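Q: I should like to learn how to read a structure of this kind. Could we proceed feature by feature, with the general idea before each case?

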Amino acid sequence: MRARVLVRPKAGILDPQGQAVERALPALGFEGVRNVHVGRLIELDVDDPDKLPEMCERLLTNPLIEDYEIVGSPGGDSIGRSAGAELPGENAR
Amino acid sequence: MKFGVVRFPGSCDDVDAFQAAARVGDVVLLWHADRDLQGVDAVIVPGGFSYGDYLRAGAIARFAPIMAEVEEFAREGGLVLGICNGFQVLCEAGLLPGALLPNTSLKFIFRQVELEVVCADGPFTGACDVGERLSIPVKHTTGRYYAPDEQLDRLESAGQVLLRYSPGHNPNGSLRDIAGVCNERGNVFGLMPHPEHAIDPLGGSTDGLRIFESIRAHVEQHVLA
């Protein structure tokens, strides 16, 4: 199965990369942009998707500072996420 | 006493750490793929870019074969010092609390900073005085110490914050100016500044030697005695 792991900085942790992008966009004339956060995308083919949460907890993310969401493809449905992780679109903060 | 300096692919401060340790004791290099700590009294996990720092700094290195031995050594009370990338590796391994995040400036910083000794009763700062100032260089992109607020409170009240950046010297946005922390037991210590680069007057400061001298004194008094 093809899966994507979306890794985001945890809510409340200072994200200078997101801030830099947020400042850069208006400089190019793109107004009305808020709450920018920069994370990481990991794509992988995996035989046993049930192992994905453990992969995320042990290696793919650092649970102290990052949230993850596992998305299956095709379809793009969310099939798992770290405890306390917010849905995309909910993460205005 | 005998130090062991771990060498990962991508380590780059292993030689300086070796030279610094050699000023106060015997030293051997410990290859990342080995499973033998060669009977050392203290392990140094040095700075650099272990395994390319792919994914996150230190994330891959923590699973190196030698790290299983280092973890066992730490569990038995052995002294483990992590410098810069070594600090990141020890945090990723769960041997130290917290994590290192990108500097708030998002820039690589390389400069001499002033540190303040917060606690001086453990193996790593025992040769220092509380409040003493140490001039030691930093050089990193990912050095912003982070832990949740309640954990920071616990670290401070338990005396696990050993070194802080002096007021105005915090180079990376570390919470509460934390430059170095130890584990609860006090036998594992990590710091972002590089004491191994401050051991000779030619380098501008010899303050880094205080850390290595502290380790030697502790080992001679408590381990070899």
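Q: Which residue does B:Ile44 stand opposite in S4(B)?

A: Strands of a sheet pair through backbone hydrogen bonds, either parallel or antiparallel. Here B:Ile44 stands opposite B:Leu81 in S4(B). S3(B) and S4(B) are paired in the parallel sense, over 4 bridges. Strands (E, at least two residues) and helices (H or I, at least four) are DSSP runs numbered from the N terminus, and two strands pair if DSSP finds at least two bridges between them.

Q: What should I know about the model and its numbering?

A: This is a predicted model, in which local features need pLDDT of at least 70 and side-chain atom pairs count only at pLDDT 80 or more, while totals for chains, interfaces and linings use all residues. Residues are numbered from 1 along each chain as its sequence is written, and chains are lettered from A and ligands numbered from 1 in the order in which they are written.

Q: What is the mean pLDDT of chain B?

A: Where pLDDT is low, the predicted coordinates should not be read in detail. pLDDT is the predictor's confidence in each residue, from 0 to 100. For chain B the mean is 97, and 100% of the residues reach 70 or more. For the complex, the predictor gives an ipTM of 0.88 and a pTM of 0.93.

Q: What is the order of the strands in the open sheet of chain B?

A: The order of its 9 strands is S2-S1-S3-S4-S11-S10-S9-S6-S7, with mixed pairing. Strands S2 (26–31) and S7 (133–140) of chain B each have a single partner strand, so one side of each is left without a neighbour in the sheet. Within the sheet, S4 (residues 79–83) and S11 (residues 188–191) of chain B run parallel and are joined by 4 bridges. There, B:Gly82 stands opposite B:Gly190.

Q: Which way do the residues of S4(B) point?

A: In a regular strand the side chains alternate between the two faces of the sheet. From S4(B), B:Leu79, B:Leu81 and B:Ile83 point one way, and B:Val80 and B:Gly82 the other way. Since 5 of the 5 residues of S4(B) are buried, this strand is largely enclosed by the rest of the structure. A residue is buried if 20 or more other C-beta atoms lie within 10 Å of its own, exposed if 12 or fewer, and partly exposed in between, with C-beta atoms placed from the backbone.

Q: How many residues of H3(B) are buried?

A: The count is 8 of the 8 residues, so H3(B) is largely enclosed by the rest of the structure. Its buried residues, among them B:Phe87 and B:Leu90, pack against S3, S4, strand S5 (99–101) and S11 of chain B. Just after H3(B), B:Gly94 takes a positive phi of about 80°.

Q: Which residues touch the most other members of the largest nonpolar core?

A: In soluble globular proteins, nonpolar side chains tend to be buried together. A nonpolar core is a set of buried Ala, Val, Leu, Ile, Met, Phe, Trp, Tyr and Cys residues joined through C-beta atoms within 7 Å. Of the 72 residues in the largest core, B:Ala42, B:Val43, B:Ile44, B:Val80, B:Leu81, B:Leu90 and B:Leu162 touch the most other members.

Q: What pattern does chain A follow along the sequence?

A: Chain A has 2 helices and 4 strands, in the pattern β-α-β-α-β-β. Of its 93 residues, 18% count as buried.

Notes. Contact = placed C-beta atoms within 7 Å.
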